[in-house]
Amino acid sequence: MSVVQILAILAFAPLLQGAIASLRARLSGRPGPPFLQPYRDLTKLLRKAPRAGRFGSPTGFLAVGIALGSSVAILFLLPQVFSAGVRANALDVVALVLFFALGRAAMVVAALDTGSSFSAMAVGREIAFAAIVEAPFLLALLAARSTQASALLAGSALFIVLLFETARVPIDNQETHYELTMIHEGMLLEYAGPVFAAWQYAAQLRQAAMAILVAFVFAGSGLPAPLCLIAVAAAIPFVEAFQAKMRLFELPHLASAATLLAIAAMGIDIIGAAR
Amino acid sequence: MRGIRLFASSLLAALSVAALAAAAFPFAPVVARAPIVARYLTLDFAVTPLARPFLVFLALGAIVVAIWNLQRGRAASGIPLACFSAAMLGVLLAQSVFAFLLSWELMSLISIAIVATESERKSVRRAAFAYALVSQLGALAMTIAFAMLAVHAGSGAFTAISKAAASLSVAPRAGILAGLFIGFGSKAGLVPLQFWLPRAHPAAPANASALLSGVMIELALYALTLTTFVLVAPVGATPGVILLLAGLAGALFGGLYAAVESELKRLLAFSSIEHMGVMVAALGLAIVASAMGYPVLATLALVAMLFHALNHTALKTLLFLGAGTVVERLHHVTDLDRLRGLAAGALKRSAPWVLVGCMAAAALPPSNAFVSEWLVLHGFIDATLSGNASLATLGLLGLLALLLGGGLAAAAFVKLFGIAFAGAPAPVREDERPETFDASVMALALGAAIVLALGLFPLVVLHPLLALASQIVGARAVALDSTFAGAARLAWLAAIPLLSALGAWWYGRRAARRDAPVWACGSALPARASYSATALTKPLRGIFAFALFPERHRTVVPATSGDFPARIEYAVSTRDLTSEAARGVAAFSQRLVRRLRVVQSGRMRAYIAYAAIAIALALVLGR
C-alpha cells in the first residue's frame with residue numbers, strides 16, 4: 001500500500017502543480033496553461049545538456065541530489081491517507097520536519113553556490129522564514145495524532161506552513177520573476193537544464209507531500225481523507241487568486257499565527273488527555 | 001621542531017588511549033591520603049559507569065586534535081593541550097571532593113592559560129579575563145557546595161556523599177544544588193552564565209577551541225549529571241525544571257546569535273551554547289520525568305543527552321579544526337563577510353569534511369546529530385503526550401524552543417557553508433599553494449567519517465548508552481525498542497539523499513562548465529558586490545529585533561572637491577543584553593576589589609595580625 005502511494009505521488013506530483021496553476025489562472029480570468037504543462041516543461045528541460053557551475057565545483061550537482069533524495073525520503077514518512085485506520089499509524093513527525101529542512105538547506109547552498117546576489121537575497125528570506133515555521137510545522141503534525149477536537153486548528157496551522165513551504169501567495173509568487181521579491185524562484189534563477197528540472201520536480205514532490213499532510217491532519221476531524229486532499233489542493237489556487245502578496249516583514253506575523261493555532265491545538269489535546 | 005611536534009602529538013594520542021583504556025577496563029579505585037585532615041583531603045580515583053562514555057568523548061576529541069596537530073608549524077600548542085587533556089581525564093576519574101576540585105581547577109587554569117595564548121591581542125586578553133572571572137566565581141560557588149556536602153557526609157569520598165545525600169534537609173540541599181549549578185553551569189555556558197563562552201572559546205587557537213568546545217563543556221554536563229543523579233540524588237523535580245528551562249534558553253540564545261554572527265569561530269561558539277542547551281534541556285527532562293515517575297521517559301532523555309554529547313564532541317572538534325585550517329590558510333581572516341568560495345579555492349580538500357560537520361551541527365540527515373536531535377525531540381514529544389499536565393506543558397515549551405533554536409542554528413550553518421565555502425573563489429594569491437591531503441585534512445576526514453558512521457549506524461552506541469542510562473535512572477531494564485527501531489529506520493532513510501547526491505555528482509562529473517555570467521540585471525558586478533553574511537541575515541535581524549536591537553551606523557566621508565562624498569561606510573551592530581549585564585557586574589566587582597585592596601597594605605605587621613586572626617578563627621570555629 002505504501003509503495004502504491006509513493007509511486008502515485010512520484011507520477012502525479014507535476015499534475016498537482018499543473019492543476020493548481022491552471023485553476024489559479026482561470027480564477028483570475030486568464031485561460032491559463034493546460035494541466036499537463038509541468039510534464040512538458042520537465043521533458044523539455046531534461047533534453048538539454050547538463051552544465052556545471054562556473055567554478056567547476058560539484059556543489060550544485062550534490063545539492064540537487066540531496067534535495068531530490070530528501071523529497072523521496074519524505075514520501076516514505078507520509079501517512080497512508082487512502083487506507084483505513086490512518087489514525088492508528090504513528091507518524092514520525094520529527095524525521096519529517098528534519099527531512100524537509102534538509103531539502104531546504106540543499107537548495108539554499110546551491111543558490112549561494114552560483115554567487116548571484118539575487119539568489120542570495122532570496123536565501124536570506126528563505127532561511128529566516130524556515131527558522132520560524134519549523135515549530136508550527138511539528139506541533140501541527142503532532143496534534144494530528146490525537147482526537148478530532150484539535151484537527152481543524154492544527155490543519156489551519158499546517159495549511160499556513162504549506163503556503164510557506166511551497167512558495168505560494170501571500171508568501172511568495174511562483175509566477176513572477178521580479179528579482180527583488182521572489183524567494184523560491186530567486187534561489188533557482190541561475191539553474192537550467194536537467195538540474196533545474198530536478199529542482200522543480202523535488203519541489204513538486206514536497207508540495208504533494210505537504211498537501212497530503214494537511215489533508216491527513218484535517219481528516220482527523222472525521223472528514224474522509226480523499227475529500228480533504230481535494231479540498232486542500234483546491235484551496236491553494238483560491239488563496240493565490242484572491243489574496244494579495246503580503247509585505248515581506250508582515251510574514252513573521254503569519255508564521256506567529258500558525259504557531260499560535262498549533263499551540264492551541266496542542267493545548268486542547270493536553271487538557272483533554274490530562275482529564 | 002619536528003621532534004617536538006611529534007612528541008606533543010603522541011603525548012595527546014597517549015592520553016586519548018589512556019582515556020579509552022580506562023573506559024574499556026575500569027580499574028580498582030586508587031586512594032591517596034594527604035597527611036592532614038585526612039578525612040576530607042583524600043585523592044580517590046576510579047572509573048564509574050557514568051564517566052565511561054565521557055572518557056570515550058575525551059579520547060575521541062584528543063585523537064582527532066592530535067592528528068591535526070601533526071601538521072607542520074603547530075608544534076608549540078601540543079604540550080599545553082596534552083596537560084589540559086590530562087586534567088580533564090583527572091576530572092572524569094576523580095571520586096572524592098578534593099580530587100575533583102583539584103582536577104577541575106587544574107583544568108580551568110590550564111584552559112585559561114591556553115585561551116590567553118595570543119595575549120598580544122587586546123580582545124584575547126579581555127576574553128581570557130572574562131573567562132577567568134567566571135571560572136573562578138564558579139569554582140568558589142562549587143567549592144562551598146562541595147564542602148557542605150563533604151561535611152554533611154563526614155567524608156570527601158563520592159560514595160559516602162552519595163549515601164548521605166538522602167538525609168540532607170531542604171535548605172542546605174537547595175543551597176548545595178545552587179552552588180553546583182552555578183559552578184558547572186558557568187563552565188557549560190548555561191544562560192545566563194554564557195557570556196564569556198562566545199568570546200573565550202574563539203580566542204584560543206583552533207585546536208584548543210576544539211577541545212574547549214568539544215570536550216570541556218561536556219565535562220560540565222558530566223558534572224551536572226553526576227550531581228543530580230549520583231551525589232545529591234534524588235533531587236526532585238524543581239532542579240530538573242530549572243535545568244530544563246536554562247537549557248531551552250541556551251538553545252534559543254545560541255541559535256539566534258549563531259544565526260546572525262559573522263565571525264567564523266564565534267559562530268561555532270554560539271552553536272556550542274545551542275547544543276549544550278539541547279543537552280541540558282534533555283538532562284532536565286530526565287530529572288523531571290524521573291521525579292514524576294516516568295522512568296522510561298527519563299531513560300530516553302538520558303540516552304538522547306549522552307548520544308548528543310558524543311555527537312557534539314565529534315562535530316564540534318571537526319568544525320573548530322576546520323576553522324583552524326581556514327585561519328592558517330587565509331592568514332587569520334575569519335570574517336564570513338570576507339570569506340568566499342573556499343570549496344573551489346583555498347580549502348578544496350577540507351571543504352567536503354567541513355560540509356559534513358555543518359550538516360551535523362544543523363542536525364540534518366544523514367549526520368549523527370540528526371539522530372540524537374531526533375531522540376531529544378522524541379523525548380519532549382513523549383513528555384507532551386504523557387497525559388500529565390505539568391510534564392506536557394514543559395514538553396510543549398521544550399518543543400517550541402528546541403525547534404526554533406534548531407531552525408536558527410540550521411540557518412547559521414547554511415550561511416557558514418553557503419557564504420564561506422560555496423560560490424566564487426577569491427583570486428589565488430601568489431604565495432599560495434593548493435591544499436594537499438595532509439595531516440590536517442586527514443584529521444577532518446576522520447572527524448567526518450565518525451560523524452557519518454554514527455549517523456548511519458546509531459544503534460552501535462545506542463544500546464550501550466541505554467544500558468548505562470537505565471542504570472543511572474535506576475529503572476529495571478527499560479526497553480526502548482520501538483524508539484530504537486525508529487532510529488534505525490532513519491539511517492536507511494538518510495541513505496536515500498546520500499545515494500542520490502552521489503548519483504547526481506556522478507551524472508554531472510563530466511558536465512561542461514557554464515560560461516554565461518551570473519544574472520545581474522544586465523550589468524557585470526565586481527566581486528566585492530557579492531552578497532555578504534551580514535546582508536544574508538538582515539531578515540533575521542528584522543524578525544528578532546526585539547531581542548537583538550540591530551542598529552545601522554552610516555558614516556559619510558566628505559569629498560575634498562565635487563558634490564559626491566568620497567566614501568560612505570555602513571556598519572551593523574547588534575546587542576547582547578546578557579553580556580552587557582555581565583560587563584556591569586564585572587565593573588562593579590572591580591570597583592569593590594579596588595576598595596578591598598586596602599587590606600593588602602604590604603606591611604609585614606599587618607600580615608602577622610591576619611595570620612593570628614585566621615588561626616584564632618580556625619580554633620574557635622573548628623571545634
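User: What makes the radius of gyration of chain B agree with a compact globule?

Analyst: The radius is taken over C-alpha atoms, and the globule rule is 2.2 Å times the number of residues to the power 0.38. For 623 residues the rule gives a value near 25 Å; chain B has 26 Å, so the two agree.

Some notes on the source: this is a predicted model, where local features need pLDDT of at least 70, side-chain atom pairs count only at pLDDT 80 or more, and totals for chains, interfaces and linings use all residues. Residues are numbered from 1 along each chain as its sequence is written, while chains are lettered from A and ligands numbered from 1 in the order in which they are written.

User: How many residues of chain B, in percent, count as buried?

Analyst: Buried means that 20 or more other C-beta atoms, placed from the backbone, lie within 10 Å of the residue's own. Of the 623 residues of chain B, 55% count as buried.

User: Why is the span of helix H5 of chain B said to agree with what it should be?

Analyst: Helices are DSSP runs of H or I with at least four residues, numbered from the N terminus. The expected span is 1.5 Å times one less than the number of residues. Helix H5 of chain B has 32 residues (122-153) and should therefore span 46 Å; its end C-alpha atoms are 46 Å apart, which agrees. Just after H5(B), B:Gly154 takes a positive phi of about 75°.

User: Which domains is chain B divided into?

Analyst: The bounds come from an automatic or database domain assignment. They give domain 1 (1-235) and domain 2 (578-621) of chain B, with 27 Å between their centres, taken over C-alpha atoms.

Key: Helices (H or I, at least four residues) and strands (E, at least two) are DSSP runs, numbered from the N terminus. A residue is buried if 20 or more other C-beta atoms lie within 10 Å of its own, exposed if 12 or fewer, and partly exposed in between; C-beta atoms are placed from the backbone.
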